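Please look over the structure shown below, together with its sequence. The report that follows takes up a few local features in turn.

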Amino acid sequence: MAPDRLLALVLVFAPLSLVSLGGGPSIFAEMQRQAVEVHGWMTEAEFVDLFAISRGAPGPGSLIAALVGWKAAGFPGAVAAALALYLPSSLLVCAVGVLGRRHAASPLRAAIERGLAPVAVGLIFAGALALLRASEAGVAEVATAVLATLALLHPRASPVLVLGAAGLVFAALGAAGLAPR
Amino acid sequence: MPDDALRSPATLPALLAVFVRMGMVSFGGGLSGWMHREIVERRRWMSEERFLAALALGQVLPGPNSVNLALQIGLHLRGGIGAAAAGIGLLGPPFLVILALALLYGRYGGAALVNTALAGVAAAGIGLTCATGVRAARRMRGVGPFGIAAAVFVAVGVLKWPMVPVVLAVIPPSVALAWRSARQERERRGA
C-alpha cells in the first residue's frame, strides 16, 4: 500500500483523537464521512458492515478505526489508524494525570475528587441510557439490563457468568424463532 | 468480601494481565463497570473516590472514555510504564481480534445467531454499568451530591445536552459542596 494512504489515515484520525469527547460515538459520523465521501476508501454499505463487526468484537467501540485503516491500507493501515486515534488523546490524559500526582496531598485535590464523584455517577447512568438508546433496545434488552444490574450488585456475582448467561438466553430465543430483535 | 488471593500487589505483569482480560471480555461497552469491579472492589488497588474522579476526568478529556480511565489507573498504580501497560493490554488483543473477525466476516458473512447472542451480552453489560453507578451512589452522603448526580443524568442522559459544557458547569458547585462538607466533618471531629 502506498505510504501516502498511511499518511492520509494519520491525518484523518489524529485530529479526531483530540475532538473525540466521550469516545467513539462522538466521532463515528465524521469517520464515516471521511472514509466514504472524502477519501472513497469504502462504500456506505461496507462502513455499516465494519460498524456491525466492531459492535460484535471485544474492546472499546472506537476500535472501528482499526477496521477503517485495514480497509484503506491493509494491516499497516490498521496500525496507523489505531495509533493516530489513540496516541494524541492518551498523551494528553497522561500529562493531566502527572500534573494531578504532583498535588497529591493538597486538600483542594481531595475536594476535587470528592466533588467529581456525583458527576461521575450521573454520567454513568446517562451512559447506560445512551447505550440502551443506541442499541434500539426492546423489552428483552431492558429486562436483561435490569436483571443483570440486580445480580451484579451481589459482590460474589461473576460478570463473566452473568454476561455469558445473557448471551446464551438470547441465542436460545433466537434459535427458537423468538429472536429478541 | 474480596478473595484474599486477589489482594495481591499491583505489579506490572498483574496490571497487564487484568487489563488484557478486561479488554477481551467486554462487549458493547460497560468497560468502566469492569474496571470498577476488578480494580476497586476485588483488588482494592485504588480508592473509590480516586476511581470516580478518574472516570469523570476521562470523560471530559478527549479520547475514548474507557481508554482514558485505563491510562489513569495505570498511571496511578505504576506511573508512565503502568499507563502504557494498561493501554496496550486493553487495546492490543481486541485490535487483533477485530481484524480477524473482519477477515472471517468477509469470507463467510455475518452469523445472525452470534449477533443475537451479542445483543444479550451487551444488554447485560449495561447492567454491569448500572451496578457500578448504584455502588458509587451508595457512598455519597447528603442531599447535594444526589442532586448533582440527578442533574447530570437528566441533562446528559434524558435531555441529551452536550456533555462537556454540562460537566464543566456542574464541577465548580460540586467541588465547592465537597470542600464545605469536608470542612464541616473536620470541625465536627475537632469539636
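R44(B) sits in the loop of chain B between α2 (31-42) and α3 (48-60), where helices are DSSP runs of H or I with at least four residues, strands are runs of E with at least two, and both are numbered from the N terminus. This is a predicted model, in which local features need pLDDT of at least 70 and side-chain atom pairs count only at pLDDT 80 or more, while totals for chains, interfaces and linings use all residues. Residues are numbered from 1 along each chain as its sequence is written, chains are lettered from A and ligands numbered from 1 in the order in which they are written, and side-chain values use heavy atoms, with hydrogens and water left out.

Another loop residue, K160(B), lies between α6 (143-158) and α7 of chain B. Most residues other than glycine have a negative phi. The table gives the phi values of the two loop residues.

| Residue | Phi |
|---|---|
| R44(B) | near 55 degrees |
| K160(B) | about 55 degrees |

R44(B) counts as partly exposed because its relative accessibility is 44%, whereas K160(B), at 54%, counts as exposed; buried means under 20% relative accessible area, exposed over 50%, and partly exposed in between, with a 1.4 Å probe and protein chains only.

On the surface, R180(B), R183(B), R186(B) and R189(B) gather in a patch of positive charge. Of these residues, R186(B) belongs to helix α7 (residues 163-190) of chain B and is partly exposed, with a relative accessible area of 46%. Patches are made of residues with over 30% relative accessible area and no salt bridge, like charges being joined within 9 Å and nonpolar side chains (Val, Leu, Ile, Met, Phe, Trp, Tyr) within 5 Å; a salt bridge is a side-chain nitrogen of Lys or Arg within 4 Å of a carboxyl oxygen of Asp or Glu.

A nonpolar surface patch of about 560 Å² is made by F75(A), V79(A), L83(A), L87(A), L91(A) and L96(B). Helix α4 (residues 64-102) of chain A gives the most to this patch, with five residues. F75(A) is found in that helix and is partly exposed, at 44% relative accessible area.

For chain B, an unreviewed UniProt entry places the feature "transmembrane region" at several spans, including residues 51-75 and 81-105, and such annotations may be inferred rather than shown by experiment. Residues 51-75 of chain B are 84% helix and 0% strand, with end C-alpha atoms 12 Å apart, while residues 81-105 of chain B are 100% helix and 0% strand, with end C-alpha atoms 36 Å apart.

Terms used:
Areas by Shrake-Rupley, 256 points an atom, 1.4 Å probe, with all protein chains shown as cover. Lys, Arg positive; Asp, Glu negative; His and termini not counted. Charge placed at Lys NZ, Arg CZ, Asp CG, Glu CD.
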